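I opened my notebook today with a simple plan: look up how the parts of this structure meet, and what sits inside. Come along and check each entry with me.

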Amino acid sequence: MYPELNNLLNTTPDRAEQGKLTLLCDAKTDGSFLVHHFLSFYLKANCKVCFVALVQSFSHYNIVGRKLGVSLTAARECGQLVFLEGLKSSVDVFFRAQAEPHPLQFLREADVGNLQPLYEFIREALKPMEDGQAAWRYPVLLVDDLSVLLSLGLGAVAVLDFMHYCRVAVCWEQKGNIVALVHDSGDAEDEENDILLNGLSHQSHLILRAEGLATGFCRDVHGQLKILWRTPSQPAAQRDRSLTYQYKIQDKSVSFFAKGMSPAVL
Amino acid sequence: MESVVAQAGLVLLRDSVEWEGRSLLKALIKKSALCGERVHILGCEVSEDEFREGFDASVNSRLIYHDVFRDPLNWSQSGEALPGGPLGALQAMCRRTDPGPVTIALDSLSWLLLHLPCPALCQALCALSQQHSCPGGGSPAEPVRVLCLLHEELHGPGPLGALSSLAQAEVILSGTMGQASAHILSRRPQQHPTRQTQWFSILPDLSLDLQGGPPLESQPHPEPHTPPVDPTAHMTFNLHLSESERAAKDSLTLPFQFSSEKQQALLRPGPRQATGRIFYEPDAYDDLDQEDPDDDLDV
């Protein structure tokens with residue numbers, strides 16, 4: 001996790017809020033550093049994490065996680081992390097006979113599908129242990145990313161319904177958190193993606209939006225991060241509703257600074 | 001804002017990602033409940049606990065929550081889902097028979113519009129907002145107010161236009177510099193639509209605080225009264241001309257101005273002769289040939 005980002009969000013692994021949906025979106029840049037941040041953040045917070053990784057392989061996240069101080073292999077072995085590797089298991093849908101419906105069963109269906117098998121998988125992965133002992137603090141669902149599901153043929157409403165049920169199961173029933181990444185197509189006319197992004201924005205408590213600079217690529221400033229709190233728990237006057245910072249991604253950390261205050265420029 | 005809330009019929013609260021409308025919806029619900037009305041809420045987007053948060057016990061006792069949020073598509077097969085799905089729940093609200101003025105809140109209409117066909121939804125809204133007569137007969141119809149939360153960005157102009165035409169009032173939320181504003185368009189029968197902008201804020205106890213104008217930071221602070229300073233005093237150069245200076249300036253003839261005196265001076269042969277003379281001593285190497293050197297060109 002990036003300590004500077006924790007400071008901006010005014011949170012630490014020990015006292016993070018529960019029952020919240022955090023939406024990550026990126027426009028004209030790569031916002032996956034936010035996914036790595038939240039993955040290591042919640043693993044360090046001793047939460048049970050279910051990671052639906054549709055974009056990269058396990059080893060990719062593991063390598064980056066090690067730079068941030070967590071070992072995904074160890075977390076998976078001790079049961080803290082449930083990792084659904086979309087790239088590998090999507091092949092299983094076609095080449096292996098499954099007794100129960102596969103989480104990515106929609107890939108096989110000819111007509112418009114829904115994500116109920118994936119929701120059931122997540123619900124099973126994050127359900128509290130029967131013996132009553134709470135080994136982990138609260139469950140967390142991480143999805144990287146939801147725009148891929150649109151590209152795979154699902155409708156925006158189907159993905160929104162899936163996120164609705166995840167909110168019921170994770171945020172409401174178990175007071176856990178959800179973090180999901182959606183790409184913003186920006187100028188490209190993608191109505192389904194816009195419906196998904198706006199629909200999720202209205203349901204989120206916190207929106208982190210990484211944008212590329214309007215002037216193009218810069219070596220010292222990689223982008224701009226907009227933070228929007230939507231339902232502040234404190235009265236609006238006491239808490240800034242929206243902040244904007246610029247950032248630079250380094251090997252093991254990300255540094256944030258106010259607009260125009262990059263150390264390279266001063 | 002009070003007049004908009006008081007009138008019966010369909011009221012659309014159109015919000016956006018940046019200016020959320022649920023807290024305004026809850027504030028209007030609280031107002032209705034404190035007036036003694038019963039409030040039915042069709043909750044699709046947030047859980048009942050989250051929706052009831054912020055209301056005190058007296059208001060909460062008047063709220064009847066129909067929970068679609070928990071299992072809208074009946075995936076759990078547990079039998080807890082409302083029969084008939086969301087549309088069935090909406091139509092059931094049209095048939096309720098309890099007496100007294102009633103407010104119905106839909107949280108949110110966007111959710112319903114994404115899951116139900118627009119015509120069926122419009123018909124259900126029409127049926128909901130029309131005044132019902134009590135089943136006993138004889139007593140006058142009770143007004144029904146329907147408050148709907150609508151997320152603007154999720155829908156195209158077609159459905160939005162259809163819903164606008166059904167609504168008696170629309171409240172469009174926006175704001176500036178951290179201060180929310182509501183642009184209210186209200187349509188009363190046989191009257192011109194009226195428009196009004198109201199600045200407001202929602203207090204932590206969900207009461208509505210109406211403000212007179214835009215936030216004070218945007219207005220320039222009135223300057224303390226100071227006598228106007230004459231900038232032309234204490235200057236190191238002269239901006240004005242005295243009378244003699246002005247007369248001298250006016251009598252000056254400009255060098256390229258062709259006045260009558262100049263014309264006469266040119267016409268009269270002056271006392272000086274033509275003084276321009278050229279004295280030339282040819283060198284030994286000079287060729288004083290009078291012919292034109294270009295004569296041999298066939299140009």
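**Entry 1: the model.** I noted before anything else that this is a predicted model.

**Entry 2: the contact.** I looked up who takes part, and found 25 residues from chain A and 25 residues from chain B. The size of an interface is often given as the accessible area lost when the parts come together, so I looked that up next. Chain A and chain B bury about 2300 Å² between them, and carbon and sulfur atoms give 61% of that area. On the chain A side, A:Y165, A:W172 and A:H202 lose the most area to chain B, together 30% of what that side buries.

**Entry 3: polar links.** How many salt bridges are there between chain A and chain B? I found zero. For polar contact, I found 12 residue pairs between chain A and chain B, both residues at pLDDT 80 or more.

**Entry 4: the chain A side.** I saw that helix 6 (116-126), helix 8 (156-173) and helix 9 (191-203) of chain A each supply at least two residues to the side touching chain B. Helix 8 gives the most, with nine residues. Sorted by class, this side of chain A has 12 nonpolar, eight polar and five charged residues.

Entry 5: In soluble globular proteins, nonpolar side chains tend to be buried together. Here the largest nonpolar core has 45 residues, and A:I122 and A:F162 are among those that touch the most other members. Helix 8 of chain A gives the most to this core, with 11 residues. Leaving aside neighbours within four places in sequence, A:I122 is in contact with A:C50, A:V52, A:L141, A:F162 and A:C166. Apart from this core lies another, of 43 residues, including A:A16 and A:L181.

Conventions:
Residues numbered from 1 in each chain as written. Chains lettered and ligands numbered in written order. Predicted model: local features only at pLDDT ≥ 70, side-chain atom pairs only at ≥ 80, totals over all residues. Heavy atoms only, no water. Contact = heavy atoms within 4.5 Å. Buried area = accessible area lost by both parts, 1.4 Å probe. Salt bridge = Lys/Arg side-chain N within 4 Å of Asp/Glu carboxyl O. Polar contact = N/O pair within 3.5 Å; in protein donor to acceptor, adjacent residues only side chain to side chain. Helix = DSSP H or I, 4+ residues; strand = E, 2+ residues; numbered from the N terminus. Nonpolar A, V, L, I, M, F, W, Y, C, P; charged D, E, K, R; others polar. Core = buried A, V, L, I, M, F, W, Y, C linked by side-chain atoms within 4.5 Å. Buried < 20%, exposed > 50% of the residue type's maximum accessible area, 1.4 Å probe, protein only.
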